[in-house]
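Visitor: Before we look at any one feature, please show me the sequence and the structure.

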Amino acid sequence: MSFLLEADDLVRVYTGRGGLLGKAQPVRAVDGVSLRLGRGETLGIVGESGSGKSTLGRMLLGVDPAQGGTVRFDGRPMPARNTTEWRALRARMQMVFQDPLAALDRRLTIAAQIREPLDIHRIGTEASRATRVTELMHAVGLRPDQAKRFPHELSGGQRQRVVIARALATKADMLVCDEPVSALDVSIQAQVVNLLRMLQKQTGLSMVFISHDLKVVRNLCDRVAVMYLGRIVEEGPSEHLFANPRHPYTQALVSSVPEPGRRLDGRVILQGEPPNPAKRPPGCAFHPRCLRATDICRSGIPALQPLGTDRTAACHLVAGETRAEVA
């Protein structure tokens, strides 16, 4: 597969508050993450709040610079933030935000905001930009009479369609969607997901889809990476990962997805909250909440191990099971 985006060993550390008298603590929001995004592929990134998903998404765009590791886009290293090269590259990679009302300027009309990326990157003539805005509004299901409206005059789903249209204005190759449907009603969520799927088929878009909603991820994404406390703990094709999750954390997440006709007896209930990122537990960060944890889980940090040709997981117990299967 040809990769549009390649990230290797990404690290992002923030300085956490240490309280009134305590020392500031480093917080490793992203801790050694590597991933690949194929052309025309949708990669889902899932995990609980605070797992580092949104920070990782901004790092893939170069908005948050990596303090360790590298990002390559279309075979070339990501330029430094705010350079001329980086600004030019942003025309090929855009972001769809969680809250469309916050992402839009309430003082500008819908048409003006969809056109804005074309003005910034100086793409086309005045006439061609106006034509492109009309095409985009039609593509995302907005009516021509809505062009002169302001964001507060639209519904939440319509505003998100505006955000998507603006992200596609420059014919971007990649979208990073950060919880793009979590603020919408369920029926509107389905409409936006179907819109993204349709646009991807029509344009060959690559997408990184960040979400905590596994139902949406399962329906939209080709592959899924599961994050816990800044690290990827399992990755694989969506169909295989949901059918047979291997990491205990993934098993708990997948078991929480309701399915018609399935009893809830087999649900894995996670105990407690994720640990404080500034005070990581030794060994596997998940071991305080894992019902299967052993001594090695409390002492050694597991590395991502291959599970066949298309799956990886970072778990001492899974690695042991895999070696036993091979033997």
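Visitor: At what angle do helix H4 and helix H5 pack, and how far apart are their axes?

Guide: Two packed helices are described by the angle between their axes and the distance between the axes. This is a predicted model, in which local features need pLDDT of at least 70, side-chain atom pairs count only at pLDDT 80 or more, and totals for chains, interfaces and linings use all residues. Residues are numbered from 1 along each chain as its sequence is written, and side-chain values use heavy atoms, leaving out hydrogens and water. Here H4 (residues 110-120) and H5 (residues 126-139) pack at about 125°, with axes 9 Å apart, the axes being lines fitted to C-alpha atoms, for helices over the stretch in contact, and angles running from 0 to 180 degrees between N-to-C directions.

Visitor: Which residues of H4 meet H5?

Guide: With contact meaning heavy atoms within 4.5 Å, Ala111, Ile114, Arg115, Leu118 and Asp119 in H4 meet residues of H5 that include Arg129, Val133 and Leu136.

Visitor: What is the order of the strands in the open sheet?

Guide: Strands pair if DSSP finds at least two bridges between them, and helices (H or I, at least four residues) and strands (E, at least two) are DSSP runs, numbered from the N terminus. The eight strands follow the order E6-E7-E8-E3-E9-E10-E12-E11, with mixed pairing, and the edge strands are E6 (93-96) and E11 (305-306). Two bridges join E11 to the antiparallel E12 (residues 312-313), where Ala313 is the bridge partner of Gln305.
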